[in-house]
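I opened this notebook to record what I looked up in the structure. The entries follow the order of my reading.

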Amino acid sequence: MSLKKCIVLFLTLSMFAVMAACGESAPAGGGSGGEGSPLRIGAITSLSGALQSYGEDFQRGFYLGLEYMTNNTFTVAGRPIEIIWEDTTNTPDVARERTLSLLERDRVELVTGFASSGDAMASLALFEEFRTVAVIDPAAADAIIAAPNWNEYIFRTGRTSGQDALAMVSVLQNLHPEGGVTVATLAPDSTFGFAMVDPFIAAAEAAGFDVLLTEFIPPDATDASPQLLRLRSAAPQYLYTIWAGPNSPWIQIDELDLQGAGVTLITGAPERDALAAMIPLGQMGGIGFCVYYYTLPQNQHLNDWMVRRHFEEHNMAPDLFTSGGFAAASAIITALEITGGVTDPDVLIPTMRGMEFNTPTGMRYFRYEDHQAMQDLFEIDFTWQEGDEYMVPSFRRVIGRDEIVPPILNGR
Amino acid sequence: MSLLKVENLVSYIGLFTILHGINMEIQAGEAVGILGRNGAGKTTFLRTVMGLVKTRSGVIELDGQSLVGKPPHKISQMGIALCPEDYGVFDELSISENLALAKHKDDTATQDRITYVLDLFPDLKLAYKRPARTLSGGQRQMLSVGRSLVNETQLILIDEPSKGLAPIVIEKMALALKEISKKSTILLVEQNFNMALAVTDRYYIIDEGRTVHNGIMQELANDKELQHRHLGL
Amino acid sequence: MGNITSRFPNLITIPKLLWLLAGIVILIIPPISTTATITMVSRIMIFAVYAMAYDILRGYIGIIHLGFALFIGGGTYFVAILFANVGISIPILLLAIVGTTIYSIIWALIVGKIAAKSGLLATAMITMAFAEIMRNMMERWRTVTNGLDGLTFRVPAPFDNRTFMYYACFVFLLLMAFALYKFTTSPTGRVWQAVRENEQRAVFLGYDTNRARTIALLVSGVVAGLAGVMFALLNRFANTDVLAMQMTYNAMLYSLVGGSGSLFGSIIGSAVVVLFQNFLLDLRGVHFIFERWLIFFGSLYILVVIFMPKGIMGFVETIRERWKHKKGGKIYES
């Protein structure tokens, strides 16, 4: 073997050794003691790939949720909890196989997770086949609760895109109860973009708003000037901007001074990294809605606890999807306490239907028809001060869960 | 009718015109040498005949049929074979596969011709199943020439077969080519004057893309002044 | 990476016993394994066909098709769209197969025309654009395809039985492998190898290389499209990921790891890569180091490229030649 090859082999092996030495291990789950057979929960989400940070946030939130809800015993109804984690690798056919593995080989009694809607969609049929309840968070596609994909084993604690759209409209209605508002939208030309824009347009028009323009940008375009210039000359009062991922349009919006033309920016607050990308908007900021930011929930001692514990464990504030993980854990433990640890779907599903459970953002309940969690969102201002690392959502009011009831799509 | 007729051939590569006017007539059964300095356009001429280089204007006729504008594979099927400077053999295939690949038809006549090639070049018979990349330069040249004999070839175009070969190998090659020229028509491009002398009867000299002189090989051999003027010898 | 030519003799030279063993193993997997394993091996077999089809282009005729996903994606979407919107039955499945074949033929002809006029690099770039066009189309056609969120659908009996699906994939693999074997060992197959090595030499030998290339594209495209049909039947789900660059990378990786220029190499490559990935994912629970499984995965490729640049089959070949050499086989003269 040549010297060069030896060096490469040595470096590769050293890399493994270093990783082994300084890897951060996932918190161990499972307590001991208590009679009753172990409760196996399969937790599967994107732990590698594009949505890795979402999956990891969910993971952290899920553990904190279990800790809180079980009083740090990690048992429910006398059954010690065992969690088996799987990585979907953000690929639907892998997600499906790993879910199969959880259901069949590991014989989990419950499944939770899915950060990517594609991953979730590929696995939905399996829950019906294996008669296992699944609690989904945060995959947000409306398609998951729509016919023909939905089945009665599916419960979602995370919000659905339809709720986002209604929240945005609710914010506008609250600002202008008299109506007569002009809006426009700017979104990526992709499934995600349309999934957010279509329900918004429907709700906005139903509320009597005037939709002037809907502009779409190719997701990997670096220049949105044509769209932005058109928006600038149309000068809507409000521009609903939707974006996820790199190449966000904020810098250009600032450069082309849309706000100077009288346009107020409205958007849904994303996770911290994406909030950082909004800094170019500076002090003008905008208004919007937020699913979760750690300072927003008012008088929620659940949230206070989670924030404190999260800082203790992980040295940083919980983010958007951490709350979702907590909520999933809460729903599961609440349900199992009612059923006494029984996971048989004939008992569990009727129990969970309509069930209320506590979460960092307040009480949620699963809607009867499609098991989608009805939940509060928050109306916020985007604020920024010198020295802030990212645009900070600041509380205006709670958008009540009854203000944002999305249409039922599964035919029930 | 002459086997190959070339009149006022002008051809170009990219934007450069390389051949400015080639005129030539070859009869069946001849062995004709193409001589000239480096860069004169000899290789380009062979490639133009083969259709690998585009003809801008002029005539190329094989047995009265025009070759201009035809794709190379059609020209090959018409019975012209090229043995290029780099041998053009497939390194990863064996000798037997290289020869098999050259076949246009799968009949006994072709099989007989392959046998003839192996008799002509015993080296190839010894290395028959080996991949071509394991052969020496001389053996590859033999394979290249042998390949051109596999079909009913009317005209063989050979480009500088002696280049880079040891003297003793050149001798063997010259003998083989002489043997082949008894049965086939050969157009031989050569810088090695002695090789050309041994194999060919007539010659054309190409200089700066034009045919500037032609005649009997033996006479050229005796005319030192002519050799010096056109070939720099 | 190096080329291995006319290596299907490997199929025959590998001891018959090994073949029998492999066959038996494959046949007895369903009764003794979990559904997840059955699904995984089914997936391996489908990807094996996909990789073999890709290698016809890369390893035999020498075209780099950076948009190869459009073939498997097309097959998947034909099934998905018809099942989700029209109905679920065997006749509709046959309709999907016919549609996929026509679609693949059209794309193969288009690429053939382009490859005839343009060089290797230009063709590669253009094919990449083609796949992106298809992906974009499917993404926009949301009302029918649901874009990135994807389509779920049921499949007609007996394909809804996983064991049946498994054996169907096995038969599919055997049929396609046999068909491709016949192609690569035929005269057309030899021309492909000649074209890959040096197109011009093949041309002045009298071969219409454009025609040979088109045939390669047609064969490869249709086979990959059929693999897409099987893929849809297996997963009962389709989203635009199936037309994304990653899917093309998969084909490249499986065929390169296994050994380009050898159909059998693609089968080995798919098996090794998928099994390795599953192995790593399974190990997650054993030690936290495996959470970063992608690093191990990437390391596999680094190691393969450095130590086995000709892929696994090439490595086996090299060992075998060295062994023959040691045994005193004829040493090359000069």
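In which order do the six strands of the open sheet of chain A stand? I read the order as β2-β3-β1-β4-β5-β6 (chain A), with mixed pairing. Strands here are DSSP runs of E of at least two residues, and helices are runs of H or I of at least four, both numbered from the N terminus. Two strands pair if DSSP finds at least two bridges between them.

I then looked at the edges. β2 (75–76) and β6 (154–156) of chain A each have a single partner strand, so one side of each is left without a neighbour in the sheet. Strand β5 (residues 133–136) of chain A pairs with β6(A) in the parallel sense over three bridges. Within that pair, I found Ile154(A) of β6(A) to be the bridge partner of Ala134(A).

I noted the basis of the entries. This is a predicted model, in which local features need pLDDT of at least 70 and side-chain atom pairs count only at pLDDT 80 or more, while totals for chains, interfaces and linings use all residues. Residues are numbered from 1 along each chain as its sequence is written, and chains are lettered from A and ligands numbered from 1 in the order in which they are written.

I checked pLDDT, the predictor's confidence in each residue, from 0 to 100. Chain A has a mean of 88, with 92% of its residues at 70 or more. Over residues 22–34 of chain A, pLDDT stays under 50. Where pLDDT is low, the predicted coordinates should not be read in detail.

Last, I turned to contacts (C-beta atoms, placed from the backbone, within 7 Å). I found 34 residues of chain C in contact with 37 residues of chain A. α14(C) gives the most to that side of chain C, with eight residues.

Note on methods. Contact = placed C-beta atoms within 7 Å.
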